[in-house]
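Visitor: I am new to this structure and would like to be guided through it. May I put some questions to you once it is shown?

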Amino acid sequence: MAKIKEKNKKSEDFENPKYYINRELSWLQFNERVLSEAEDSDNPLFEKLKFLSISASNLDEFFMVRVASLKDMINADYKKLDIAGMTATEQLEEVLRHVHDFVDKQYEIYNKELVPALLSKGLMICKAEDLMGKDREYVDRYFDEFVYPVLTPMAVDSSRPFPLIRNKTLNIAALLKKKEGKDDVDFATVQVPNVLPRVLEIPGNGGEDSVRKVIFLEDIIQKNISRLFLNYDVITSSPYRVGRNADLSIDEDEAEDLLKEIEKQIKRRQWGQAIRLEVEAGINKKLLKLITEELNVEENEIYNIEGPLDLTFLMKMYKLEGFDHLKEHRYNAPAPVPEFEMDDNIFEVISRGDILMHHPYETFENVVKFVERAAIDPDVLAIKQTLYRVSGNSPIIAALAKAADNGKQVTVLVELKARFDEENNIVWAKMLEKAGCHVIYGLVGLKTHCKITLVVRREDDGIKRYVHLATGNYNDSTAKQYTDVGLFTCAPAFGEDATAVFNMLSGYSEPLGWNKLSLAPLWLKDRIIDLIKREEEHAKNGESARIIAKMNSICHKDVIAELYKASSMGVKIDLIVRGICCLRTGIPGVSENITVRSIVGNYLEHSRIFYFENGGIPEYYASSADWMPRNLERRVEILFPVENEKLREKLWHILSVELSDTDKAHVMDENGNYIKVDNKKLDASERVNSQKQFGDEAVRNSKVLSTQNSRVFIPEMKV
């Protein structure tokens with residue numbers, strides 16, 4: 001007890017900046033973990049291509065939003081220090097230094113590992129100058145017939161200013177000299193058309209042992225670029241790519257029509273400030289100088305690339321036919337949810353008891369069917385739902401429109417401010433309005449990120465409310481790639497809270513209290529901190545105290561400081577954080593009782609699950625919210641309890657298996673670095689790939705419960 005009191009005297013140290021990791025640098029560590037999958041010997045070759053592509057796509061978004069934000073802060077002379085005590089200028093310098101090293105690593109993997117490995121498996125990436133005979137004829141003919149008619153070369157002179165180069169487009173710059181006349185050198189640029197495939201396969205002889213060949217579109221254009229400037233000699237040409245600030249700036253209070261204002265801002269996204277320039281290594285110095293001066297980029301914002309620009313093209317390579325044997329086949333397709341296998345009446349099944357689904361291991365189809373069935377059920381009176389990100393051809397949107405057409409009261413909150421899904425969501429919002437749905441465009445100053453559906457149904461014993469709550473989006477496409485949990489319930493307390501949520505979103509009603517749910521931005525942060533403090537009290541009283549928290553990111557200083565305090569009082573804390581983690585482990589007297597691990601694998605870890613031991617009376621929660629300032633203070637989010645004992649066992653199993661993962665887990669050390677778990681000395685029976693295990697168990701559970709009404713298979717797992 002004396003020891004605990006001694007530690008509590010130092011509570012003011014818990015907010016010391018040296019105890020925290022900068023958010024941007026932590027995100028870069030996450031992307032390094034993604035990149036590490038591109039060189040993991042356990043992954044098939046084409047999966048390595050996919051992970052390298054994902055790391056490049058992630059980096060694009062990071063620049064468009066996070067680096068852009070740092071640039072904005074510097075331009076605005078923003079002086080406030082971040083959680084780790086760094087200025088915006090210090091952050092940007094450190095970020096760009098790390099990114100240059102990261103990009104070098106990307107291309108080292110591409111050039112030294114993946115390209116030779118592809119060739120050994122029968123796929124050659126060709127350069128235009130290496131083509132001979134029929135291959136050369138085919139590529140030249142392809143240029144004539146398909147590429148040349150689409151190209152628009154843009155000359156730059158006194159009457160034609162430097163064109164606006166669109167965000168993330170691939171372009172080719174050239175220096176030209178008139179064949180006759182002055183020795184003046186002119187500049188020109190041509191955009192590589194994104195309406196044509198970036199990767200072109202050159203037809204082969206069809207033999208079994210023949211190597212398949214591909215060539216990049218920009219190489220084809222460069223090979224024939226002189227044909228675009230017939231009266232000029234092309235001195236030099238080189239591809240380049242610009243990344244721009246794409247973060248929307250919307251004054252919601254001043255905007256008369258939020259939908260129209262967002263539509264206007266989306267168009268401006270292509271022309272934001274240039275914040276990154278990628279050029280081919282060895283580019284002519286004069287050509288580079290012209291580009292950098294026109295785009296106004298600094299030297300540390302220029303990336304000299306040893307290979308093809310924009311590695312996101314590798315996702316197109318991944319889809320090439322004939323290479324299935326080089327792709328991942330160890331993971332099962334989503335299995336049926338056992339409870340719904342035995343009965344097709346979705347409302348009857350939910351009436352029997354709460355149901356917890358673990359996606360993508362268990363199918364998302366029942367969530368879609370929930371809305372589809374409600375749309376045609378004559379006893380359903382109303383459907384209310386929040387939508388943040390939905391798929392391109394969403395069956396849920398179609399069902400909601402059908403429900404309105406069938407005369408039901410349909411209320412849908414479509415979050416127009418969902419970053420990079422704004423355009424998609426505007427289309428759906430307009431369509432739902434035309435169908436007769438009452439559409440809400442989110443709340444001023446807040447993003448509505450919670451995932452909740454309420455179905456109000458007339459039954460023999462009166463009105464009954466069916467609720468679905470989830471950690472992930474109502475997106476049938478990403479539900480096959482993201483790990484999430486969802487809860488079906490018709491418990492009256494949840495139904496009352498769900499009604500209160502939608503009344504709050506659609507009007508000015510703010511409930512005096514909640515039965516089960518905790519909502520951000522008003523109540524959720526306080527609830528989390530209270531739950532952590534309760535564990536502190538249990539530890540102080542010598543009772544069992546433990547926290548297991550699984551989420552995407554944690555960077556809220558108040559929450560981290562409370563975790564530090566809990567750790568210092570003896571609370572054992574295990575964090576499973578896929579992405580950003582600003583908390584440090586292993587600080588004497590501060591975080592010695594905290595572990596942090598990140599799982600990066602075949603699926604994107606997306607669920608938020610929380611366990612509080614509570615002195616031997618454990619409580620389980622799931623949420624749409626990470627422990628970040630934006631989630632807890634600037635978004636509408638929901639934390640919901642899971643109270644059914646069988647479902648709590650299921651959540652415990654998820655957490656315990658992930659804490660035992662040996663194949664896809666990276667563990668933070670006392671220096672804030674992540675070390676991948678060393679499984680090389682383990683027997684096959686000792687190794688744990690949590691994602692594969694969950695998929696295998698889902699198939700077994702489905703088969704077991706479809707033949708007999710037995711308990712869900714959950715093996716013993718000690719942590």
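## Helices, rings and loops

Guide: Helix H3 and helix H4 (residues 88–120) pack with their axes 11 Å apart, at an angle of about 165°. Please bear in mind that this is a predicted model.

Visitor: Are H3 and H4 roughly parallel or roughly antiparallel to each other?

Guide: The angle at which H3 and H4 pack is about 165°. Angles over 145 degrees count as roughly antiparallel. H3 and H4 are therefore roughly antiparallel.

Visitor: Which residues, nonpolar, polar or charged, make up the contact of H3 with H4, and how many are there of each?

Guide: H3 passes H4 in a left-handed crossing. The residues of the contact of H3 with H4 comprise two charged, four polar and 23 nonpolar.

Visitor: Helix H13 (residues 395–405) and helix H14 (residues 422–435) also pack. Are H13 and H14 roughly parallel or roughly antiparallel?

Guide: The axes of H13 and H14 lie 8 Å apart, and the angle is about 20°. The crossing of H13 and H14 is right-handed. Angles under 35 degrees count as roughly parallel. H13 and H14 are therefore roughly parallel.

Visitor: Let us turn to the aromatic rings. What kind of aromatic pair do Phe63 and Tyr303 form?

Guide: The structure holds 26 aromatic pairs. In the pair of Phe63 and Tyr303, the centres are 6.1 Å apart and the planes stand at 90°. Planes over 60 degrees apart count as edge-to-face. The pair of Phe63 and Tyr303 is edge-to-face.

Visitor: Is Phe63 buried or exposed, and which cluster does it belong to?

Guide: Phe63 is buried, as is Tyr303.

Visitor: Which ring has the charged end of Arg33 over it?

Guide: A charge sits over a ring if, among other conditions, it is within 6 Å of the ring centre. The charged end of Arg33 sits 3.9 Å from the centre of such a ring, that of Tyr674. Elsewhere, Arg227 lies over the face of Tyr148, at 5.6 Å from the ring centre. For Arg33, the ring is that of Tyr674.

Visitor: Where does a cis peptide bond join a residue to Pro360, and what is omega there?

Guide: Pro360 is in the loop between strand S10 (355–359) and helix H12 (365–376). The cis peptide bond joins His359 and Pro360, with omega about 0°.

Visitor: What is omega for the peptide bond from Ala520 to Pro521?

Guide: Pro521 is found in the loop between S18 and helix H16 (524–540). The peptide bond from Ala520 to Pro521 is cis, and its omega is near 10°.

Visitor: Lys168 and Asn614 each have a positive phi. Is Lys168 buried or partly exposed?

Guide: Phi of Lys168 is near 65°, and Lys168 is placed in the loop between strand S2 (154–156) and strand S3 (170–178). Its relative accessible area is 38%. Buried means under 20%, and exposed means over 50%. Lys168 is therefore partly exposed.

Visitor: And is Asn614 buried or exposed?

Guide: Asn614 has a phi of about 55° although it is not a glycine. Asn614 lies in the loop between strand S23 (609–612) and strand S24 (619–623). The relative accessible area of Asn614 is 11%, and values under 20% count as buried. Asn614 is therefore buried.

Visitor: Is Gly282 buried or exposed?

Guide: Gly282 is found in the loop between strand S8 (274–280) and helix H8 (285–295). The relative accessible area of Gly282 is 75%, and values over 50% count as exposed. Gly282 is therefore exposed.

Visitor: What is the relative accessible area of Val279?

Guide: Val279 is placed in strand S8. Val279 is buried, with a relative accessible area of 0%.

How values were computed:
Residues numbered from 1 in each chain as written. Predicted model: local features only at pLDDT ≥ 70, side-chain atom pairs only at ≥ 80, totals over all residues. Heavy atoms only, no water. Phe/Tyr/Trp six-rings, centres within 6.5 Å; stacked < 30°, edge-to-face > 60°. Buried < 20%, exposed > 50% of the residue type's maximum accessible area, 1.4 Å probe, protein only. Lys NZ or Arg CZ within 6 Å of the ring centre and 35° of its normal. Axes fitted to C-alpha atoms, helices over the stretch in contact; angles between N-to-C directions. Helix = DSSP H or I, 4+ residues; strand = E, 2+ residues; numbered from the N terminus. Parallel < 35°, antiparallel > 145°, perpendicular 65-115°, else oblique. Left-handed = near helix turned anticlockwise from the far one by under 90°. Nonpolar A, V, L, I, M, F, W, Y, C, P; charged D, E, K, R; others polar.
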